[in-house]
Amino acid sequence: MGCVIFDFDSTLISVESLDEILSSKVQSNQELTSRLRSITDRGMSGDLPFSESLRLRLELVRPVLEDVRAFGNRAHQYVTDGMPGLIAGLVRAGHDVWIMSGGLFEAIEPVALKLGIPSSHIAAVRLQWNSDGSLSGIDPRDPFAVSKVMGARKLAASWPDPVVMIGDGATDLDLYEQGVVQYFIAFAQHQARPSVVSRAAQLAHNTDELRLMLEALI
Ligand SMILES: [Mg+2]
């Protein structure tokens with residue numbers, strides 16, 4: 001038995017959830033849309049700390065809780081081919097399966113439940129919402145709003161070895177390079193970021209390759 005942790009955006013699903021949520025609010029504004037994308041790309045390639053990328057994007061466009069929930073309810077259409085079967089197999093084999101994401105908890109939960117991953121195994125950003133659903137701010141106590149490494153350190157004691165992280169971003173690779181997980185597999189089906197791919201020992205181009213690599217590790 002081991003622990004398999006999946007990144008969400010551009011790994012379990014084909015898109016970046018926060019960008020989808022925010023850009024759907026400013027569709028007609030090309031300039032805002034491209035500024036959002038540029039901030040995400042700088043964050044994912046490691047040029048900008050995650051906490052900064054989150055803050056800048058939420059400053060640019062303020063989502064309401066309803067926007068986030070609406071994305072969550074349609075996000076199953078973006079699930080990567082082969083992931084539902086792969087995850088069901090891992091759960092059946094008794095492995096601990098987690099989603100760890102810089103995305104928003106409410107956007108991820110409906111997809112996780114469909115994939116058979118309980119809410120307790122979702123580590124993601126929790127924003128604070130006012131009672132009318134407007135955004136109050138970033139929860140200052142949420143370690144995942146700072147970085148995945150900081151959040152993961154708090155959870156790592158409960159994970160059975162070996163721990164494998166799968167993702168496309170610099171923040172995913174960080175978990176391996178900082179020693180929080182034992183293995184990292186770069187997942188390049190949707191995004192092959194040179195700064196990540198060049199430093200990853202293992203690279204999966206699709207879920208078939210990923211399945212074979214996991215079978216060899218756990
Ligand atoms: Mg990602």
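The radius of gyration used here is taken over C-alpha atoms, and the globule rule is 2.2 Å times the number of residues to the power 0.38. This is a predicted model. With 218 residues, a compact globule would have a radius of gyration near 17 Å. The protein has 16 Å, which agrees. Along its principal axes, the C-alpha trace spans about 45 × 35 × 30 Å.

Two further totals describe the packing. Of the 218 residues, 39% count as buried. Take the contacts between residues at least 6 apart in sequence: 61% of them join residues at least 24 apart. The secondary structure comprises eleven helices and eight strands.

Start with the sheet. Six strands form an open sheet with parallel pairing. Their order is β3-β2-β1-β6-β7-β8. At the edges stand β3 (122-125) and β8 (202-204), each of which pairs on one side only. On average, neighbouring strands of this sheet are turned by 20 degrees against each other, direction ignored.

Now look at one pair inside that order. Strand β6 covers residues 163-167, and β7 covers residues 183-187. The two run parallel and are joined by four bridges. Val164 stands opposite Tyr183 in β7. Further along, Gly167 stands opposite Ala186 in β7. How many of the five residues of β7 are buried? Four are, so β7 is largely enclosed by the rest of the structure. A residue counts as buried here if 20 or more other C-beta atoms lie within 10 Å of its own.

Helix α7 (residues 105-114) lies across β2 (96-104) and β3. The helix runs at about 145 degrees to β2.

Helix α7 also has a helical partner, α5 (residues 65-74). Their axes come within 7 Å and cross at roughly 25 degrees. Angles under 35 degrees count as roughly parallel. Therefore α5 and α7 are roughly parallel to each other. The crossing of α5 past α7 is right-handed. Which residues meet here? From α5 come Leu65, Val68, Arg69, Phe71, Gly72 and Asn73. From α7 come Glu106, Ala107, Ile108, Glu109, Pro110 and Val111.

Finish in the loop between α8 and β6, where Ala156 is found. Ala156 has 14 C-beta neighbours inside 10 Å, so this residue counts as partly exposed. The partly exposed class lies between the buried threshold of 20 or more neighbours and the exposed threshold of 12 or fewer. How far is Ala156 from Pro63 in space? The C-alpha to C-alpha distance is 31 Å. In sequence, Ala156 and Pro63 are 93 residues apart.

Terms used
Residues are numbered from 1 along each chain as its sequence is written. This is a predicted model: local features need pLDDT of at least 70, side-chain atom pairs count only at pLDDT 80 or more; totals for chains, interfaces and linings use all residues. Two strands pair if DSSP finds at least two bridges between them. Axes are lines fitted to C-alpha atoms, for helices over the stretch in contact, and angles run from 0 to 180 degrees between N-to-C directions. Two residues are in contact if their C-beta atoms, placed from the backbone, lie within 7 Å. Angles under 35 degrees count as roughly parallel, over 145 as roughly antiparallel, 65 to 115 as roughly perpendicular and the rest as oblique. A crossing is left-handed if the near helix is turned anticlockwise from the far one by less than a right angle, and right-handed if clockwise.
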